[in-house]
Amino acid sequence: LHGKPGVSFEEIARAAYEEGRVRLATELLNYEPRAGKQVPLLLGMKEDTIALDKAIESGDTDLIYHVLLHLRKKLPLASFFRVINTRPVATALVETSAHDQDRDLLKDLYYQDDRRLDGSNLLLTEALAQNTLGPSLDKLKLASKYLQDSRDASATFQRSALDDAAKLLRMQETFEKDLAQSQSSATPIPGASTSMYIGLSAHQTIFALLRAGHTKRAQKIQHEFKIPDKTYTWLKLRALVSARHWT
Amino acid sequence: MAPIPPFSASEIAEKARRDLLLLLEGIRGKKNLVLEKALTGSLNLLVKFSTLQEYGVDRLFFLENDNVDSSQRNVVFLVRGEKAKTVMAVAEQIKRIRRDSQIEHEFSIFWVPRRTMVSDQLLESAGVLGEASVSEWPLFFVPLADDVLSLELEDAVKDIYLRKDPTSIYLSAKALMLQQQKYGLFPRIIGKGDNAKRLANLLIRMRTEVTAGESTNSGPSFLGLTPSSTIDSLVIIDREVDFPTVLLTQLTYEGLIDEVFNITANQAEVDSSVVGGAAPQPGQTGSASTSMKRKVLIDPKDSLYTTLGDSNFAIVGNLLNKAARRLQSSTERNQLAAKTTAELRDFVAKLPGYQAEQASLKIHTSLAEEIIKHTHTDIFTRSLEVQQNIMSGADPTTQHDTITELISRDIPLPTILRLLCLESTTNAGIRPKDLETFKRAIIQAYGPQHLLTLSSLEKMNLLQPRGGSSLGAMPAAKPGSVTNYTPLRKSLRLWDDEVNEADPNDISYVFSGYAPLSVRIVQSIIQKQTLANLIKPSSNPQASAQANPLAQGLRIFDDASKYVRGATFDETQTGEEKAVKARSMLNGNHSDGAKTVVVFFLGGVTRAEISALRFVGRKLRDVGGEGRGSRIVICSTGIVRGEGLIGCAVESGRFEG
């Protein structure tokens, strides 16, 4: 029968399955070219992983999602992860949909696969989503802690960047308190609507401090974060120009 | 009956329009339409709002605004059905209206382009599936111009390269398959890149699916699946093969409009102070434009624009000047010569044409002025200088000082990232030490949230340490290795110092020196002779022998593709012999010259590349094709520009206190 177009292997396989011959049915289904017909039957026969493979082969994301949803409901989480993590397409789709809907699932996934950078990035995303400083800092600490066992270069870089971010936020908080009085008089920088300093980058903080005339504090930031002199000079130049512009 | 050429833009547009209107007709009475924002552009190109009104559409809402009111009984959702997020949004709104409204509503959902099982499941679990009548609007290609078809998938780049989500590839395959069912199989499918290969495999697979379905339920006839006699081949280029072309600043007029003003669905939003407060264009659906911005139609049918759009911006001033002179002289002389009534009548009949031309001239003069202002800024020239140095093969480390300075001057982040990614993609990564310095500088200058941006760029293989990451390494044998520009610069003549912008003789004019690699690859398939002469101008006889049009071998292509990232493939599709014969008898023989070559860009195409391909097409038409047909149709998942490519990585969140 093989090679003849127009034979519906799906129907033959269905018949075989109804006769109770599951293996034969699976064999037969290999000849069925229409994935749309193949996959539901395979799911019906509880040949889940084969169904997933066939769905991935078809390239039809709808079918893949369909199988994944089915598996997610049926399997315990650990074995669900085991099924998908050898299949990059399936993992990617789970990640994509989980990013929108189910962050905890994603955390578990990264943890099980030991994808530390991704895990810490996820925590950083959550830190950004907080709207008060306290929880943000907590999340940052977690994100940094997540990486503490990794030794490779990118993890080390990420860790120090995360720690810097936390340090910067704390300094900004202090500035906010100390300089609160002058806040009312100065024009806020566009984009920073709620506060004067929190959330700015290191450069922007220096810029804002210089413009408001707090040179000492600006220099402290420069030393703390090892900002090159050349950059600092540029920032100073721009800040002074804009300060004159505004007063 | 003259056969309709395959991939005819007007026919595709007509069909999509008809399908939609039929669906709307199916819902009786007046209705409110809820539209996904991403579909606005496509809809604008296909139907006028007035037509929709004729079909009973009362008001238009955006899905994202979540503000549908209950003024009409019928509520129609027109949304893409591939993303769970949009499906959920639809479900939420149906629930909201049902809760708030006094009257009973009839809900209809038109999924674009298809109904999915997942959407059904989601709607079912939200408990609204039973109340909505669900149909499909099979919208795939949207014609942007006569030779440009786009799927207008906004997220395609992000999906394919960042999230590794193959939905766009599948939809592309579907769209191409529909054309195949109409005009016959692509006799050859040639392409480059891993995702392109995936697309080709899907096409071959879908073909067997169609044959399997055919005899069981007597679908279309066998003739539908024989090799086409009007299409020569399909060339698929994966965007991943050639990222630098997107990252560079485009230097054609149209490209620069896109860079400065951002064109979506043939429209650019321009500050009204630039183009003057003339009456807004009629017939625009859902234009919620403020008084500040005005939409300018970038119309491929405008005769003035057709000459301008594809030109290098350097000569646009001259062209505008010429057009103004011509217009002036023709109106003036006619006024003087209009002595007899017959002549006068003639002149008056032509008047609307002159007026339209004058209006168009006015718009483009002011647009050009605005762009000149932009190109004369210090930042623009500095970043262009870096781009040109990198592309011409200068040691990229010499550019680092300039980039650092630009960071200190706080120029927009995308511009910086484009430069860094350009260096990384053309030089197989950046030295780990330098990269770390840049990363630190970016975080300090633009904020720690861009740790995420940088990590996304790394995932997309746009920005990576040299040799450090396994994907960044360049050994030729490695399957997933990156494109190596160093040998290609010579073997495909990617850099041209003597570029002539006024009267171009090569595609390199679109970037004032750099010939886009993607288009070079296409040339190596369909314009072998010219390309061979260009690479080796001295040994003319040898070169033309090598590019023998009869030879099926693709020497330039094969040589070059060794250094280009991703899989190379060349599939031939044949049908059953009997059917082939029958078809050739029916259609007669077509000469090679009249055949169509379909170039498909998976993951987006830039406007500069379109201009370059048009240039190739014109040359081919002049000589009647070089063995592989001469009509070029450009298809893509969407139009992309550097900002868009980088934009899908940039994290927009920030810390707040």
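## Reading rings, strands and burial

Q: Let's start with a single side chain. Is A:Phe81 buried or exposed?
A: A:Phe81 is buried, because its relative accessibility is 1% and the cut-off for buried is under 20%. Please keep in mind as we go that this is a predicted model.

Q: And what about A:Phe80, buried or exposed?
A: A:Phe80 also counts as buried, with a relative accessibility of 2%.

Q: How should I read pairs of aromatic rings, and how many aromatic pairs are there over all chains?
A: A pair of aromatic rings is described by two values, the distance of the centres and the angle of the planes. Over all chains, the count is seven aromatic pairs. One of them joins A:Phe80 and A:Phe81, with 6.1 Å from centre to centre and 40 degrees between the planes, which makes the pair tilted.

Q: What kind of pair do A:Phe175 and A:Tyr197 form?
A: A:Phe175 and A:Tyr197 form an edge-to-face pair, because their planes stand at 65 degrees, with ring centres 5.9 Å apart. This pair links distant parts of the chain, as its members are 22 residues apart. A:Phe175 belongs to helix α11 (residues 153–178) of chain A, while A:Tyr197 is in the loop between α12 (180–183) and α13 (202–211) of chain A.

Q: Which residues do ring pairs link into a cluster?
A: For that, turn to chain B: B:Tyr253, B:Tyr305 and B:Phe313 are linked into a cluster by ring pairs.

Q: Now helices. How many of the ten residues of α13(A) are buried?
A: Nine of the ten are buried, so α13(A) is largely enclosed by the rest of the structure. The buried residues include A:His203, A:Phe207, A:Leu210 and A:Arg211. After α13(A) comes A:Gly213, with a positive phi near 90 degrees.

Q: Is A:Lys236 buried or partly exposed?
A: A:Lys236 counts as partly exposed, because its relative accessibility is 35%. You will find A:Lys236 in helix α15 (residues 229–246) of chain A.

Q: Let's move to strands. How do I read their pairing, and how many bridges join β1 of chain B to β3(B)?
A: Strands of a sheet pair through backbone hydrogen bonds, and the pairing is either parallel or antiparallel. Here, five bridges join strand β1 (residues 31–35) of chain B to β3(B), and the two run parallel. Within this pairing, B:Lys31 has B:Asn74 of β3(B) as its bridge partner. β3(B) also pairs with strand β4 (residues 106–112) of chain B, in the parallel sense over seven bridges. In β4(B), B:Val112 stands opposite B:Arg80.

Q: What unit do β3(B), helix α4 of chain B and β4(B) make?
A: With helix α4 (residues 84–100) between them in the naming, β3(B) and β4(B) make a right-handed β-α-β unit.

Q: Why is strand β3 of chain B described as largely enclosed?
A: Seven of the seven residues of β3 (residues 74–80) are buried, so the rest of the structure largely encloses the strand. That holds for both faces: B:Asn74, B:Val76, B:Leu78 and B:Arg80 point one way, B:Val75, B:Phe77 and B:Val79 the other way, and all are buried.

Q: Which order do the strands of the open sheet in chain B have?
A: The order is β10-β11-β12, three strands with antiparallel pairing. β10 (263–264) and β12 (293–297) are at the edges, each with a single partner strand, so one side of each has no neighbour in the sheet. Two bridges join β10(B) to β11 (residues 267–271), and B:Ile263 has B:Ala268 in β11(B) as its bridge partner.

Q: Which residues does B:Thr606 touch?
A: Leaving out residues up to four places away in sequence, B:Thr606 touches B:Arg239, B:Thr245, B:Val246, B:Gln250 and B:Val640. B:Thr606 lies in the loop between β14 (596–602) and α26 (607–623) of chain B, and is buried, with 0% relative accessible area.

Q: To finish, how many helices and strands are there in chain B?
A: Chain B has 27 helices and 15 strands. Of its 657 residues, 56% are buried.

Terms used
Residues numbered from 1 in each chain as written. Chains lettered and ligands numbered in written order. Predicted model: local features only at pLDDT ≥ 70, side-chain atom pairs only at ≥ 80, totals over all residues. Heavy atoms only, no water. Phe/Tyr/Trp six-rings, centres within 6.5 Å; stacked < 30°, edge-to-face > 60°. Buried < 20%, exposed > 50% of the residue type's maximum accessible area, 1.4 Å probe, protein only. Helix = DSSP H or I, 4+ residues; strand = E, 2+ residues; numbered from the N terminus. Pairing = 2+ DSSP bridges. Right-handed = clockwise from strand over helix to strand, strands pointing away. Contact = heavy atoms within 4.5 Å.
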